[in-house]
Amino acid sequence: MPTQPIDQRSAWRDLASHAGTMRERHLRDLFEAEPSRHLRFTRSAAGLTLDLSKQRWSAETLTRLLALAEQADVPGAIQRLLGGERVNLSEDRPALHTALRLPQDASLVVEGEDLVPGVHRTLDRMETMVERFHTGQWRGATGRAIRDVVNLGVGGSDLGPLMVTHALSDYRLRDVHRVGVHFASTMDGSQLADCLARLDPETTLFVLSSKSFTTIDTLSNARTARDWLMSRLSGEEGVDAELVMRQHFIGVSASPEKMAEWGIAPAHQLEFWEWVGGRYSLWGGIGLPIALVVGMPRFRELLAGAHALDEHFRTAAPSDNLPVLLALAGVWNVNFLDIRAHSILPYDGRLEYFAAYLEQLEMESNGKSVTAEGREVDYSTCPVLWGQLGPNAQHAFYQLLHQGTQAVECDFIAPLRRYDEVADDATRRHLKGQHRLTLANCFAQSRLLALGDDAIDEPGERPGHKRYRGNQPSTTLLLDELTPATLGALIALYEHKVYVQATIWGINPFDQWGVELGKQIAGETQRILESREGLEAMDASTRALIEAAWAADTNGKAVT
């Protein structure tokens with residue numbers, strides 16, 4: 001029997017009525033009425049502190065939102081996710097990225113199989129590979145040690161490893177055979193071409209990361225990489241194509257058959273399970289580039305931090321549960337305050353790619369307009385999400401945040417401690433001073449967004465063009481310090497936030513049929529470009545664009 005739509009339940013109606021009152025309240029009034037409200041709306045777990053006091057809500061609001069979560073059966077949904085039930089309804093399978101970070105002594109039996117041993121076999125194989133690289137024992141076809149690894153992937157096979165390797169740059173190994181890690185994802189080949197221009201084929205290895213091993217972007221780059229290697233190495237004495245493929249390629253996929261057909265040796269394959277979505281996959285074989293940069297012990301710390309947050313998610317009451325509270329703040333803003341934009345603003349240069357990572361995680365997961373039961377929704381789901389490093393964004397789009405016409409929810413993210421490990425006293429003092437400056441900017445911006453002109457100690461009436469209306473909601477998320485463990489917890493926090501929101505909205509966050517349709521249509525269009533057949537089936541605009549591409553071909557033939 002179909003479930004009652006969430007917007008027809010009593011808790012939703014109560015919130016809609018309550019929102020009419022809260023829209024008239026300004027954050028400055030909420031702080032004046034309750035000066036210690038930060039204590040009411042701050043929670044900590046797994047090295048993270050979540051301050052939700054600058055959200056435009058009250059204790060009554062949160063009580064009503066928790067009732068909504070209860071009516072949506074968020075507590076039951078959490079247990080179903082972590083217990084391995086088939087929460088990915090459209091593809092009829094579990095979503096078990098959390099299994100990838102279970103400790104070795106844990107057990108998770110799903111449909112008669114304990115998944116933990118297989119997960120750790122892959123981690124052990126990764127560790128063996130990483131040790132070979134770091135000891136200079138992984139050698140190319142000509143016998144020289146591999147010095148550069150290029151990750152060929154797109155989406156989750158690129159954004160996650162890229163983000164984490166950059167975020168953990170302070171943990172880059174110094175006392176091993178150095179391996180440079182590079183990323184190439186664009187199907188136009190521009191990123192790969194840049195890598196190939198700088199790297200030595202004798203000492204370069206490629207990691208092909210694709211769950212299906214059919215992703216056209218990745219395979220197109222892989223073919224270019226293979227041709228580059230073959231053209232430069234196959235003429236060397238004792239070097240044949242099989243040797244080049246064996247020593248210069250690693251595959252990460254859920255399709256070992258396709259990897260083998262492509263020529264990747266079974267010993268150089270890492271398993272990727274069907275029950276892990278691409279955007280949730282950095283915790284396993286897709287994380288090989290991370291392990292190459294920071295080493296397997298640090299990679300396991302990343303997993304442990306995420307697992308700590310998983311346990312918090314599983315055991316904490318909804319009123320103290322960081323992912324639940326973060327999700328409810330988002331639902332409140334999107335569905336009841338009509339705030340449809342969300343900006344991610346890290347105040348740490350190491351988190352440069354975190355906003356881009358969350359763009360995929362959130363918008364690919366919850367950018368849906370149909371419920372898991374196939375019913376079109378009558379309410380908003382995922383907001384438009386974007387962001388940039390906060391110190392840079394202050395000089396870019398903060399003008400809109402402070403004085404524009406669009407309401408925007410913001411997440412400010414920063415580590416409390418940094419540079420404690422710098423040995424030189426003078427340098428450490430200077431860098432810690434810069435860190436304090438960064439924190440000052442982070443705290444000041446969220447305060448100004450909340451309080452507006454009341455945050456400014458300036459006598460006299462301010463002219464209109466200098467006024468700040470304030471009342472822009474924000475969350476401040478502090479890490480004790482940015483370590484592999486706290487980064488793992490931070491990523492897991494947002495993963496679970498997405499799942500809680502999807503549960504409330506009644507949508508499936510683990511499929512991406514819009515993406516799949518786009519790939520299908522692109523393939524059909526490519527065939528028309530190459531064959532010059534089927535143009536009549538296109539709309540007038542697309543026909544004109546295809547004809548322009550043909551006309552640009554120097555030979556006047558179909559583009560190939």
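Colleague: Where do Glu60 and Arg64 lie, and how many residues apart are they?

Modeller: Both lie in helix α4, residues 59-71. They are four residues apart, about one turn of the helix. Keep in mind that this is a predicted model.

Colleague: What makes Glu60 and Arg64 a salt bridge?

Modeller: The side chains meet at 2.6 Å, N to O. The cut-off is a side-chain nitrogen of Lys or Arg within 4 Å of a carboxyl oxygen of Asp or Glu. The pair therefore counts as a salt bridge.

Colleague: Why is Glu60 called partly exposed?

Modeller: Glu60 has a relative accessible area of 41%. Buried means under 20% and exposed means over 50%, so a value in between is partly exposed. Arg64, with 26%, is partly exposed too.

Colleague: What else does the side chain of Glu60 make with the side chain of Arg64?

Modeller: A polar contact, at 2.6 Å. The limit there is 3.5 Å between N or O atoms, so the pair qualifies.

Colleague: How far apart are Glu60 and Val331, in sequence and in space?

Modeller: They are 271 residues apart in sequence. In space the figure is 15 Å, C-alpha to C-alpha.

Colleague: How many salt bridges does a search of the whole structure find?

Modeller: It finds 30. Among them is Arg86 with Glu111, whose side chains meet at 2.6 Å, N to O. That pair links distant parts of the chain. Arg86 sits in the loop between α5 (74-82) and β3 (109-110). Glu111 sits in the loop between β3 and β4 (113-114), and the two are 25 residues apart.

Colleague: What about Arg350 and Asp348: which kind of pair do their side chains form?

Modeller: They meet in a salt bridge, at 2.7 Å, N to O. Salt bridges that share partners join Asp170, Asp348, Arg350 and Arg418 into one network.

Colleague: Are Arg350 and Asp348 buried or exposed?

Modeller: Arg350 has a relative accessible area of 6%. Asp348 stands at 4%. Buried means under 20%, so both count as buried.

Colleague: Where is Lys497, and why is it called buried?

Modeller: Lys497 is in helix α19. Its relative accessible area is 2%, under the 20% limit, so Lys497 is buried.

Colleague: What does the side chain of Lys497 make a polar contact with?

Modeller: With the side chain of Glu362, at 2.8 Å. Leaving out residues up to four places away in sequence, Lys497 touches Pro323, Leu326, Ala327, His342 and Glu362.

Colleague: Which residues touch the most other members of the largest nonpolar core?

Modeller: Phe354, Leu487, Tyr494 and Ile504, out of 126 residues. Helix α19, residues 484-505, gives the largest share of this core, 13 residues. Another core lies apart from it, with 26 residues, among them Ala141, Val150, Leu208 and Met230.

Colleague: Which residues does Tyr494 touch?

Modeller: Leu326, Ile344, Phe354, Leu358, Leu361, Glu362, Asp411, Ile413 and Leu477, not counting residues up to four places away in sequence.

Colleague: Why is Cys442 called buried?

Modeller: Its relative accessible area is 1%, and buried means under 20%, so Cys442 is buried. Cys195, at 3%, is buried as well.

Colleague: What span is expected for helix α6, and what does it reach?

Modeller: Helix α6, residues 116-134, has 19 residues. At 1.5 Å a residue, 27 Å is expected. From first C-alpha to last, α6 reaches 27 Å, close to that value.

Colleague: Which residues of α6 are buried, and what comes just after the helix?

Modeller: The buried residues include Val116, Leu123, Met126, Val130 and Phe133. His120 and His134 are buried too. Just after α6, Gly136 takes a positive phi of about 75°.

Notes: Residues are numbered from 1 along each chain as its sequence is written. This is a predicted model: local features need pLDDT of at least 70, side-chain atom pairs count only at pLDDT 80 or more; totals for chains, interfaces and linings use all residues. Side-chain values use heavy atoms; hydrogens and water are left out. Buried means under 20% relative accessible area, exposed over 50%, partly exposed in between (1.4 Å probe, protein chains only). A nonpolar core is a set of buried Ala, Val, Leu, Ile, Met, Phe, Trp, Tyr and Cys residues joined through side-chain atoms within 4.5 Å. Contact means heavy atoms within 4.5 Å. A polar contact is a pair of N or O atoms within 3.5 Å; within protein, one must be able to donate a hydrogen and the other to accept it, and residues adjacent in sequence count only if both atoms are side-chain atoms. The expected span of a helix is 1.5 Å times one less than its number of residues.
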